[in-house]
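Grab a pencil and work through these exercises with the viewer open. Each one sets a task and then walks you through a solution.

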Amino acid sequence: MSLSGTLVKQVTIMSDGDVFHEIFRYRPHHISDMSPGNIKGVDLHEGEWGTVGSVIVWDFVHDGKPKVAKEVIEAIDEAKKSVCFKVIGGDILEAYKTFLITVHVDTHGEENVVTWTFHYDKLNEKIDDPHSLMEFCINVTKDIETHHLPKEN
C-alpha cells in the first residue's frame with residue numbers, strides 16, 4: 001500500500017468560471033460569505049492576495065469539527081485558471097506529511113468544470129485517503145456557485 005496518492009474530482013458549475021478562478025486567486029477571504037457553514041474565515045498572514053508565496057490561513061468546519069489549514073500559494077497559472085496551495089501547517093498535517101491542493105477551472109461558455117486535485121503523502125498506512133476532505137471542497141464549490149447564480153424572483 002502506497003503512502004503517496006493523488007485524488008481528483010470534477011464538478012460542473014453553471015456560474016462564471018472566470019469569477020470562480022478569481023475568487024480563489026484574489027478573494028479567498030470572501031468564501032466565508034459564500035459558504036458560511038463550511039468556511040469560517042480566511043486570513044492573509046504574509047504577502048498579498050493573489051500572489052505566489054503568500055501565506056493564508058483557513059478556518060473551516062470539516063466532519064463537524066473546527067479545523068485550521070495554513071497554506072502557501074505555490075503556483076498560479078492564469079492561462080489554465082489554476083491555483084496551487086501547499087499546506088504548511090494546521091490539522092491536515094496531523095495525517096499527511098505533504099499536501100498540495102490545486103483548484104483549476106475549464107471555461108466553456110455557460111458550463112464550466114472545476115477540477116480539484118490533491119497530491120499527498122500520508123504519515124502512515126493507517127491514514128485514509130482524503131475523500132471526505134475532497135467532498136468538503138466540492139460542497140464549498142457548490143456553495144460558491146449557488147452564491148453567484150442569478151436569484152429567482
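**Exercise 1.** Does C84 count as buried or exposed, and at what relative accessibility?

Solution. Before starting, note that this is a predicted model, where local features need pLDDT of at least 70, side-chain atom pairs count only at pLDDT 80 or more, and totals for chains, interfaces and linings use all residues. Residues are numbered from 1 along each chain as its sequence is written, and side-chain values use heavy atoms, with hydrogens and water left out.

Step 1: get the cut-offs. Buried means under 20% relative accessible area, exposed means over 50%, and partly exposed is in between (1.4 Å probe, protein chains only).

Step 2: apply them. C84 has 13% relative accessibility, so it counts as buried.

**Exercise 2.** Find how many disulfides the model has.

Solution. Step 1: a disulfide is a pair of cysteine sulfur atoms within 2.5 Å.

Step 1: by that rule, the count is zero.

Step 2: check C84, which is in no disulfide, its nearest cysteine sulfur being that of C137, 13 Å away. C137 is in no disulfide either, and the nearest cysteine sulfur to it is that of C84.

**Exercise 3.** Work out how strand β6 pairs with strands β5 and β7.

Solution. Helices (H or I, at least four residues) and strands (E, at least two) are DSSP runs, numbered from the N terminus. Two strands pair if DSSP finds at least two bridges between them.

Step 1: take β5 (residues 82–90) and β6 (residues 96–108). They run antiparallel and are joined by five bridges. K86 has L100 in β6 as its bridge partner. The two strands make a hairpin, with five residues between them.

Step 2: move on to β7 (residues 111–122), which pairs with β6 over twelve bridges, again antiparallel. Here I101 sits opposite F118 of β7.
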